[in-house]
Each structure stands twice: as structure tokens, then as C-alpha cells.
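Have it open next to you while you read.

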Amino acid sequence: MSFLRRRKGTDSSKSQNLRCNIVKEDEKNNLYESPRKESYNSKKWSCWDSCCWFIGFVCSVWWFLLLLYNTMPASIPQYVTEAITGPLTDPPGVKLRKEGLTVNHPVVFVPGIVTGGLELWEGHQCAEGLFRKRLWGGSFGELYKRPLCWAQHMSLDNETGLDPPGIRVRPVSGLVAADYFAAGYFVWAVLIANLAQIGYEEKTMYMAAYDWRLSFQNTEVRDQTLSRIKSNIELMVATNGGKKVVVIPHSMGVLYFLHFMKWVEAPPPMGGGGGSEWCAKHIKAVMNIGGPFLGVPKSVSGLFSVEARDIAIARTFAPGFLDKDVFGLQTFQHLMRMTRTWDSTVSMIPKGGETIWGGLDWSPEGSSFNCGAKTLRNNSINNTDQIPNINLANMKNVNYGRIISFGKDVAEAHSSKIERVDLLQDSMKADMLANLTNCDIWIEYHDIGDHRIKAAADYKVYTAGSILDLLHFVSPKLMARGGAHFSYGIADNLDDPKYQHYKYWSNPLETKLPDAPDMEIYSMYGVGIPTERAYVYKVTTATDCSIPFQIDTSVEGGSEDSCLKGGVFSADGDETVPVLSAGLMAAKGWRGKTRFNPSGIPTYIREYSHAPPANLLEGRGTQSGAHVDIMGNFALIEDIIRVAAGATGKELGGDHVYSDIFKWAERINLQL
Amino acid sequence: MASVLRFRKLCYVESAVKCTSVGYESFEIDEKLDEKEEDVLSANNFALEINKKRKQPKRQPKEWRCLDSCCWIIGYLCTTWWLLLFCYHCLPVTLLRVPELPGPGVRLKREGLTALHPVVLVPGIVTGGLELWEGRPCADGLFRKRLWGGGSFTQIFKRPLCLLEHLSLHYETGLDPQGIRVRAVPGLVGADYFAPGYFVWAVLIENLAKIGYEGKNLHMAAYDWRLSFQNTEIRDHALTRLKSKIELMYISNGYKKVVAVPHSMGVIYFLHFLKWVETPPPMGGGGGPGWCAKHIKAVMNIGPAFLGVPKAVSNLFSAEGKDVSYIRAMAPGVFDSEILGLQTFERVMRMARTWDSIVSLLPKGGEVIWGNMDRSPEEGHVCDFSKKSHSKTSLTTNNVNNSDVKRGFLVKDLANYGRIISFGKPASVLHSSKLPTADSKEFSRTSTSENFNNFSCGEAWTEYDEMSRQSIQNVAADKAYTTTTLLDLLRFVAPKMMRRAEAHFSHGIAENLDDPKYNHYKYWSNPLETKLSDAPDMEIYCMYGVGIQTERSYVYKLSPNSRCKSIPYQIDNSVHGEDGSCLKGGVYFADGDESVPVLSAGFMCAKGWRGRTRFNPSGIATYIREYRHKPPTSLMEGRGIESGSHVDIMGNFALIEDIMRVAAGATGDEIGGDQIHSDIIKMSERINLGL
């Protein structure tokens, strides 16, 4: 289009008229002359001009279309979508409103790690003009503009785990804190919109936003967040005619709320002084979405080498770019340094050790998960009950228990064949003289020295139990700080007075649930997505100033169906949290009257089989099971709305299980 | 370069092709007549003819050229713009930043002030944001988007009628209409900026943050400012939430009392809250009589509309203020009649009349406070504002003495401020004995007799449509109204609205405050009909700007446009006084902050509550802090750091410093006690109120 017009426009108008006469008069000579004149004419229209013309043209057309779009009645896009995909199913809010459901119990949302917004209240010189602007969440514009400044402000103090001097970054409050993570990427927004359909509004919904970088108890120490949550829940119960609240924590919020329930009943000064009846009086149900009750293996790789599956691939593709100091960036080191100041990352290290996560040659999921089920997943719900039965025969036993192994051969060999050099011994004689690094970014790896790095690699295989030693070994400061706030073991005797300390409160294996027999606990999570479960590592070749370990992405499993891909062993889960972590407490640890659940709070497992969006119009899907996208899953939203409107777990249909969680739970030898 | 070459080649080939096609026939003819030279001429003519024929298609390229250059220009501008923008973004952020004036926060931090008392901000009318929670189909896609404030108001232009419908309340109940839920935006974002770049609380918040305030000790008590105060509790539990928030902040900040900072209408909202919280349930919050004494250190009222504002009268009466009336006079056709089916004023009026809160701002205290037909507390006020405001601070010290003397001479055109509405200039000037008196009995008579006449016309229905021409004329014939008769007038022209709103607000003066009827919530927001709570350690500040002309009373006329769909009255802005007179464009001005006259803002602190009075039985200390208005001296200052106008005063550094000092623990005496520029003390002396 544009080319044609330009040609016509430029030369045809004047020159042609003239030229054709000339041609007529003396054809042969002027045929050579005319282009010269023409070229003189077209000099005005250089490349630069045509570029301008082109941009102008595109802009004008764009504006025109934009104008048309804006004047168009708002309902047209919906017609278009419906014309393509057929009539849309009603969102659950509309559907349930037609059934006559209305507001009943107030709702409390507890967001997880990373999804909550953080804003600046006080900063250094370089962050001028960002007062009360979002540093985290929203557009992340500042991250690109002034990355170093941003990383500096997002970091906490490496010693205390609280604010560094002169910097105050605080959570955004209200529903806006976590409705959208970035523009267009919903987290809670869909759920909020659907709840609003049956009449919920600000006075009956509350977002318990907290600073997710801090350890749980520190949110109370610094911001009085737990007191505020308590006061708000009490207020909502009081103003809604004594109706108890339905709490909906997501991801790390699950642990945070577990901590809250213990805190609120504990006497001051450590607790909130609500008395032992508080939870029974104020909480109707806790509906945990994608809860990492027992931690996630992803956090190990995050702490160990700041990478997960996706990043590991990027790192191998562009080792020079990301690893070295091109442009003085040193992205990973900066990232690692920042995340290591966040105590909360420590809260998600796998808990329960080898009893839960498996030993060197044993793991609960070991032989029963089929990683090749990819083809089946697309066929949605109808086929899902067949998944577990398929080709058990050609599946190898996967050693999920070895959360980190160095080298593929080590990952697959039997434990008796692995030579290990004892880490602890080695660390005794480890010398601290390697402290001569002159890299400008300081990370703890530089304090360790090559010797210890080698020692760590020589130990070959780490289980959920020994991984703690490894982390203590490579990042002593973080673990020392985190160790004061979190614990990862299994309690032998829950009545031991030491378990009254707050560091045990967020570990379901070291606390009792509150005495609230009428309360209900739901574990709601997606299944059917390969989820990181164990890693194969190698020592990086580049030695200076970089992270010495990385996931060995060259390691692939033998067959198509293998669970080992790119150095990562996958198991069933929701892409972040393995089923084991999300479901075990509800399936076994708290099922019935156990020592962890002395009052016999009923638990329900609600699994949602993952079905990827059928086409682009669906966006992130209405049947997704992925860790964050599940918040837009219509089945899950419907369950939540029903409970909020007064239904019990029994009325919802009780357990709803696709995975083998009950089988795995049987294999775990946990004393109840 | 290569592309340029190719481009040229293309042109060349193209032109050759063109020529052959154009001259195709001529070529053939040429070949035939080649030998004969004479025919060359004819052939030439022929070619020319062809060319003439071709001229019409060739016109088009000429137009293309124009379009082309347009495109070129746009493209050029866009590219340059992007380039500059890119450069701008590449520059280090600190380089281009306009050197901001260091606010008082930085200085006070250096002095060593830190956050001590938690602070509660109470926004006023109009400045708070409202968002949609449930709406009609026309508001699709606006869920949890701002309908009012904060955003850019783009929706108002896109779907104005839809928006008006959603912002209106139910005419009978004053609550949500069926199927529409519009709620206040919670949190600090609710009222920090009204529109992008137009700060309300943002400057104060930023300065408070400098000395250590943050989310846990700074709270914005957002409420739906369209509702009557008690209805915010009934619908949203706004008062209960505020109570719980204050209690929480009190406890979690080490048992430090709260400093409340209400603005504009928020002042009477907070007054209502103070009574509500100590009253036993179900009507009140059940905090008990000691609640205020225990939880509140100081109430720092900014631009307080304690006794109402005359602006609310004109707003309810004819949906216009000083500025709007000009527009209405300039373009009567556009706004008054039904061109484009807009009926802007009628629709706006209909919306505003569903808002109970506007009624709360009607002048309170009747003729005792606001003056009667011939007398008003401000009388003798000089309106030489233009001169006064330019004669800067040097004058302020001896201003009080000087102006007294000056006034003695300058008074030519006595302004009868007491006549809040008068029809025609004579009515506003003549002595009362020469005027027909407003008689409420007359209203009732006419209203009953003319009731049959309620034909409705048009969809933009205002209560004026139910009035007959006769009664409209009657209203105007009564000539002049004081604040007392004004209420009768409003009851007459808008009976439903007043019936609804008067269940929630009262505008009188209490004879006997111990009368049990004053326990009803409708009296709580009127300082003349309530006692302050028993909290002798509490402090009350009245902080407001002075030195700006403020609307005080109006000269009205019947609108010439008498068709049924229009508002029958409008401000007569052809009426002007002589030089130095307070009458301009149909509006009498008095001293104030552009919205609230000094009388309304300062009287309670100056007299009504000063010392131990019947309105203030426990003798709560009151302080008057006036801030003289100074327009910004340069563009860099934006809306000014010494402004005294109603909203801009929130950016006044002196005011911010006062608030911060009190929040950091200072008392009223420590920040300097009273600070008075206006004649408020003298005015209050003239008011004969039993204390």
C-alpha cells in the first residue's frame, strides 16, 4: 500500500506530465535525460523522509483505529469472542448468584511470597521521586531504569533481616496489594471479581498484606502486621453479625497463616494474647491454595544457586552474558545477594527431612509417577483417572530423595556405590584464608573459598536431611538468621515446652493445630504438571566472582518419558509445589484426631487437574492447575464461593483427588 | 544507501512504464505520421489533449502530496519526540529533576523530630475517590475502577450519562439504588491525589513520612462522602472501622494517643464520629464516655466548615457556584437547553440532590450566626482583596490596627451578608422594612394549592419540574431570604430532598443541650447542638486560610429561559457593586479561604468552644491558626507553598509544620497558640450566642 502511494506521490505528479511531452518530441535522447531530472526530484524524498512518512502513516492509522475502538460500544469484544469460541460459560460468580448465593462469611486473603506489592517510604538519594511508588509489583519500571538502586532498596539488612539504615520499604495495603502482580497478570483479581458478584465488597473482604521478605515473626516486630490482621478479623466478625471468617491463604501465605493461628492464641509478649478460644470463635474455614506445607525443593535451588529450571537454561545459553561482568552487571550475583537477605525464602526449605522427602534410595513418589503423561494432560478431566495406571512397567525408579546430586551417574547409582567425602569433617579444617576476593559484589560464596566448594561437591548426594547442612555450609549467615525464625524437623513430643517458641509455629510437623473442632481445613492445589523435585548439579568452570555451582542442564533422562530433563527431576504437582508437600498434611498428618490435630479438625483435599487453555482467547485458562494461574480456575473459585456463602466441606463433595497422594502418604512412616 | 538507489531505479522504471501507457496511442499515431512534419503539431495537440484528459486523475496525486506531507510531519514529530523521550530516559534520573523545595519534613527531621502519635487523616467532600463494585451493563469493565477522583476522569467524557447514573444515590432512601454499588476507595490512595498531579493529602503524607510515619501509624479514614454520616455506618460500617483502627493504632504504637487531621467536610464528619463513638449502641459505637479522652490527643481541623458554607446553598438551589454561573451566562444555549440532549445542569443538579452530605454543609445557626435582614457579623468588611493580597507580610503585623481605621471610612456600600439569597440588586441593598417579608405560611399555602401541577417533562427530572410557574414566581417575589428562611425556601423547592436529609442533619441552635432529644444522631454533626466530649486534655485546632474572596451571599434572578426542563433560577451575574464593593457578578464576597468563610471556620474555636462553655463543658483547649494566602510567586512553586485556599492549603508549609510538630508531641501552646490575621474575634463578639 504505502509503496504504491509513495511512488505515485513523488514523481508522477509533475515530472510525468512534462516528461511525456519530451518523450514525444525526441524520444531517444531524452529517455536518458529524464531520469536525471527525476533523480533530482526524488532527492527531496530521501530514505529519511520515507521513514518519516511511513512512521507518520502508521501512527495516523493507529490513532484512527484507536479512536474507532474507543468509540465502539464496550460490548463488542465480547460478541467477537463469543462468535469465535461459542457462548462463554458464565463465570462462577454469575452462575452462583443465579442459584441464589449471597454474602455470608467475611473473607480474608493471605497472599504468598513474591505476589504482594511493596512500596518505598524512605530511601537513599538514588531513589528520589519514588516515594510511595511500587518497587515490587506493577510495571517494574524502576528495575530497568536503575537496577542497582532497586536491588539495594529491595535488600534487607544481612545481619538482622530487618530494614537497612535509611531505607523503609513497606507492603502495599488493601486489595490492590495483590490483585494484579503486573499489569494484566492477575493473582487475586478474578477471585475478587467473582466474590463481588454475589455481593462481597470492601467491608467483607480483607487482604492481609504483609512484607513477604521478612520472617513471619518480624512482620509483627516491625509492622505489627499480625496484630493488624487480628484486629481486622475481629472487626469483620463483629460488624457482620458474628459470622466467622473464611481465610484463603495462597502459597507461602499458608505457612504465614499457620504461624498466625499459633501466634494469636499464644500469650503476649511473644503472641497476640487472643486466648485458646480465638480460632474457634473467629475462623470458619482455612482454604489453603497451593500450600507448600512441607516446603518446596525449588527453594533449595533458589538458595543454592539462584536458579530454577527456567533460569538454568538461560544461564547455559548465555554464560558469558549473565555470569560474567559484562557491562558490570553480574545479574546473578546481585540477585543472589538480594534474595539471601530475605528470611522468608528459608521458610520454604523442605521440612520433615528424610522421613517425608525420602532417603538415598527411597522416596514416597519413587515408582509411581509417570512423567510422560504429557500427552494425556491435554485431554482434560475425562481421562485423568487413567493417568496413574499407564505404563508403570517401563518406568524406572527415580531417586527423588536425593534432592541435590553432583553428576548424573551419582543421581542414578545405588547409594552403596557412591563415594562420599564427609562434609562436616572437612568443614572443620576448612580455612578461612580464602577471603582474598576482590569482587565488588560480596556474596557469601566468596568467604568460603575453593577448598570448601570442592568439599561440598565431593559429598555427592544430599537428601532433605543433609541439605540443611549443605546450606549451613555454603551460606552460614542466612541460615543462622533463618534458623532463629524457622525450623524444619519433626517433633517427637509436641508437649515439650520448647515448641512454644515462635520458630516452630510455621512448621506443621512441630505444632498442634488450635483447639477448634468446628473449623475446617482445605488443601486445594493443581495436579498434572511436572514439578521440580530434585536436581543434578555441577561445579561451574568459571571460578572468579561467580556462583560456583549450577544445574547441569546437559543431563537428560534416557527415554522420552523420563522424569529427568535438563538436570531436573520432576514429580507431580502444580509447577512449583509438589503434591507431596501440598497434600500430605491434609491426607495424613491432620486427617482425623492425630497428635498434630488434637481436636480433630476435619480436612479436605481438593485437587484440580491441570488443563492448559484451549486457545489464546482464554488467556491463562479457566481450568489451569498451575501455582498462580489456579487462582483463575473456575472450579476452585466455585468451591471458595460456596464455602464463603455457608457450605461445609461435606456439602462441597468432600475429597476430590486425582493424584496418588493417599498411596504416597501410606508409604511415609510418620508417627501420628 | 542501497535502498535509496533502488528507490530511484524503481521510480525510473515506473515513470517509463507510465509514459508508454499514457502516450501509447500517441506513439502509434506518431509512427504513422512520422514523415509528415506538419502532423507533428496536430499530434502534439492530441497529446496535449490527452494530457488535459489526464489532468483529472493527476489532480489526485496533488492531494496525495498534501496527505503525504501531513504523514511526513506527523512521522517527523513522532520520531523526534521518541528520540527526545529516549534521551530523557537515558539521562540519570537525578539530573533532570526539578530542584524540589525542601519541605518542612526534612528540616524537622534534622531538628530531631520523629514519629510519635499515630495520625488519622479524614478527607472532605468531593476529594475522596469512589470505585465501582456493581453496576448496570453500561458500566461494563469498570469493576473496581475509579468513577470519581484519582484517575483521569476519562470515563466522564466517554459515558457521561452512565457515570451520572452510577454516582447518584436513591432519591428516597439516600442509599444505593437497585443494582448499583459504588464504594469509597480505602487507604491512603483514596485521597492523596484528586486527579493526576493535583495533590490533596500527598504533600502532607510525604512530609510526615520524612520523620518516620508509614502505614502502621498513618491512616486515611476514607468514607463515602455522598452519604449522610450515619448512613456510612449503616451501609459500610465506616465509623466502626475508624474506631477499631484508632484503637489498634493506639495499642500497637505503644499507647500513644491519636492526632486526627480532618479537612473540610471531614471536620463535621469527625465531630459526628466523636459523638457516635461515646454513645451506647445501637445508635452509637459504645466506646463509653472516656473513649475520646483515652484515644485522642488533638483534632487539627483544616479549613473546617463547622457552621456550613453559603456555597452549598447556591449549589442546591441552582447547581452553580461563582465560576459556573459565568459559564451559564456566557453560553446559555449550550448548557440550558436540550441541544444534544445534554441538559448538563439539570442532570448535575439531580445527581447532587441525591447526596445527603451536601445538606450537611448548609449554613447552621440561622440568623443568630449568619445575620438577619439588616445585620451581619462581618458587616463593614472591606473587599479590597486585590490590593490587600499583594501587600505582603510586612503589613500583617500592623494590619489589624490599620484596617480598623480604614474600615471606618471605606464603608460605602453596606453589604447585607445576612440576606443569603435576594432576588434582584435592590432587594439586596434596601432596608428590610421596605421589603416584603418571607413567610413560611405562604409557602405551605402555595405548595398545597399548586400540587396538582406535576407534569413531568424530560428524563432529567428535577424537583423544579413539579412546581408550577405560579409558585416559582412566588418564590422570586419574596425578594430576600436569610439563613433561617432559606431552609423554608429549600423545603419548598425540593421537599423530598429536604425531608430525606433532615432526618440526618439539623441546622439550628440548641436552647437546652441537656434535652434528651439531642441524643439523636441528627444533631451530632452540628457543633451548636452538641456538647464536646469530656476530654479536658484533648486539643482542638481550627486551621484555615484567610485573604481570599469567599462567596457569602447571592443575588438571584429568574432564568429568562422558562421552558419546563430548565432550572428556573440563576445567579444574576450582571449585578456589580462600585469599586471596592463586595458585590461582584451577583455574589457578595467575604473573607475566607475561597470556599469556607472565616465566620464558619473560626467561630467555634474563637467563641463557641473557647474556655468552658455549654458547648464545651470540660473546657477543651482551642487554638486558631490562620494562614494568610499568598499566591505562588513563580511557576516552580506549582500551587504554592503559602497558599491559603481551601484545598491548596494542604500544601502550605507552615500548616504542615504545625501538624508535624503536634504529631511529634508538641502542644498548642508550644507551637505558638493563636495566630490570627482576620477579624474573627471582632466578628464573634457581634454574635449574640448564649454560652
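1. Which residue's side chain meets that of A:Lys477 in a salt bridge? The partner is A:Glu159, with N and O 3.9 Å apart. A salt bridge here is a side-chain nitrogen of Lys or Arg within 4 Å of a carboxyl oxygen of Asp or Glu. This pair ties together distant parts of the chain, 318 residues apart: A:Lys477 sits in helix α25 (residues 476-483) of chain A, and A:Glu159 is in the loop between α7 (147-154) and β4 (168-171) of chain A. Helices (H or I, at least four residues) and strands (E, at least two) are DSSP runs, numbered from the N terminus. Over all chains, the structure holds 46 salt bridges.

2. Some ground rules. This is a predicted model, where local features need pLDDT of at least 70, side-chain atom pairs count only at pLDDT 80 or more, and totals for chains, interfaces and linings use all residues. Residues are numbered from 1 along each chain as its sequence is written, chains are lettered from A and ligands numbered from 1 in the order in which they are written, and side-chain values use heavy atoms, with hydrogens and water left out.

3. On confidence: the predictor gives the complex an ipTM of 0.80 and a pTM of 0.82. pLDDT is the predictor's confidence in each residue, from 0 to 100. Chain A has a mean pLDDT of 78, with 74% of its residues at 70 or more. Below 50 you'll find residues 318-328 of chain A, a stretch with 17 contacts beyond near neighbours in sequence (contact means heavy atoms within 4.5 Å). Residues 424-442 of chain A are also below 50, and that stretch has 29 such contacts in the model.

4. Chain B averages a pLDDT of 76, and 71% of its residues score at least 70. Its residues 55-61 are below 50, with 7 contacts beyond near neighbours in sequence; residues 385-413 of chain B are below 50 too, with 24 contacts of that kind. Where pLDDT is low, the predicted coordinates should not be read in detail.

5. Now the domains of chain B. Domain 1 covers 110-129 + 185-361 + 504-686, and domain 2 covers 130-184; the bounds come from an automatic or database domain assignment. In this chain, 27 residues of domain 1 are in contact with 23 residues of domain 2. Together the two domains bury about 2,100 Å², 62% of it on carbon and sulfur atoms. Buried area is the accessible area (1.4 Å probe) that two parts lose on being put together, summed over both.

6. What holds charges across that interface? The rule finds 2 salt bridges between domain 1 and domain 2 of chain B. B:Asp176 forms a salt bridge with B:Arg235, the closest N and O atoms being 2.9 Å apart. On the domain 1 side of chain B, the elements giving two or more residues are β5 (193-195), α9 (229-236) and α16 (344-353). The largest share, 4 residues, comes from α16(B).

7. Last, some backbone geometry to check. A cis peptide bond joins A:Pro268 and A:Pro269, with omega about 10 degrees; A:Pro269 is in the loop between α11 (252-265) and α12 (278-282) of chain A. In chain B, a cis peptide bond joins B:Pro281 and B:Pro282, with omega about 5 degrees, and B:Pro282 lies in the loop between α11 (265-278) and α12 (291-295). A:Val114, a residue other than glycine, has a positive phi near 75 degrees.
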